[in-house]
Amino acid sequence: MNSRILTGLTGSFLLLALAACNTIPLEAPLQVSGTPSSSFSADEAQCRAEARRVGQGHIGKTAAIGGTGGAIGGAVESGDKALAGAIVGAAVGAAIGDAQVKEAQRNYLVQCMQQRGHPVSG
């Protein structure tokens, strides 16, 4: 791998690491701005189960798109770099997809609880 690919890879992973720091995982406790009702726990369990289904297949799709883009970018420089570009692109695409899915799941959970009347803020 040449230094430009390594530099790009390092930069991409640093950006992804920073983005992942701001993502609250689905499993984290909810922030409640009032007193939870008696149905809070049951509603929370149902909303978490539904949220886990959000984004199924998205990580694989973004990895494939990233891999294709990386391969094309690498092939522009030389055929040898197409494989390296595909690997880097797939890894970055999967990481981006994972962060997007986690954020979408958490947002779904919060909205689900709010729609059921619970004072959830995040």
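The largest nonpolar core of this predicted model is made up of 10 residues, namely L26, L30, F40, C47, A51, L109, V110, C112, M113 and V120. A nonpolar core is a set of buried Ala, Val, Leu, Ile, Met, Phe, Trp, Tyr and Cys residues joined through side-chain atoms within 4.5 Å, where buried means under 20% relative accessible area, exposed over 50% and partly exposed in between (1.4 Å probe, protein chains only). Two or more residues come from each of α2 (40–51) and α4 (80–115), and α4 gives the largest share, 4 residues; helices here are DSSP runs of H or I with at least four residues, numbered from the N terminus.

These helices, α2 and α4, pack at an angle of about 145° with their axes 9 Å apart, the axes being lines fitted to C-alpha atoms over the stretch in contact, with angles from 0 to 180 degrees between N-to-C directions. Contact means heavy atoms within 4.5 Å, and A51, leaving aside neighbours within four places in sequence, is in contact with L26, Q105, Y108 and L109.

The structure also holds 4 salt bridges, each a side-chain nitrogen of Lys or Arg within 4 Å of a carboxyl oxygen of Asp or Glu. One of them joins E44 and R48, whose closest N and O atoms are 2.8 Å apart, and both of these residues are buried. Another joins R116 and E50 at 3.5 Å; R116 lies in the segment after α4 and E50 in helix α2, so the pair ties together parts 66 residues apart in sequence.

Residues are numbered from 1 along each chain as its sequence is written, and side-chain values use heavy atoms, without hydrogens or water. Local features need pLDDT of at least 70 and side-chain atom pairs count only at pLDDT 80 or more, while totals for chains, interfaces and linings use all residues.
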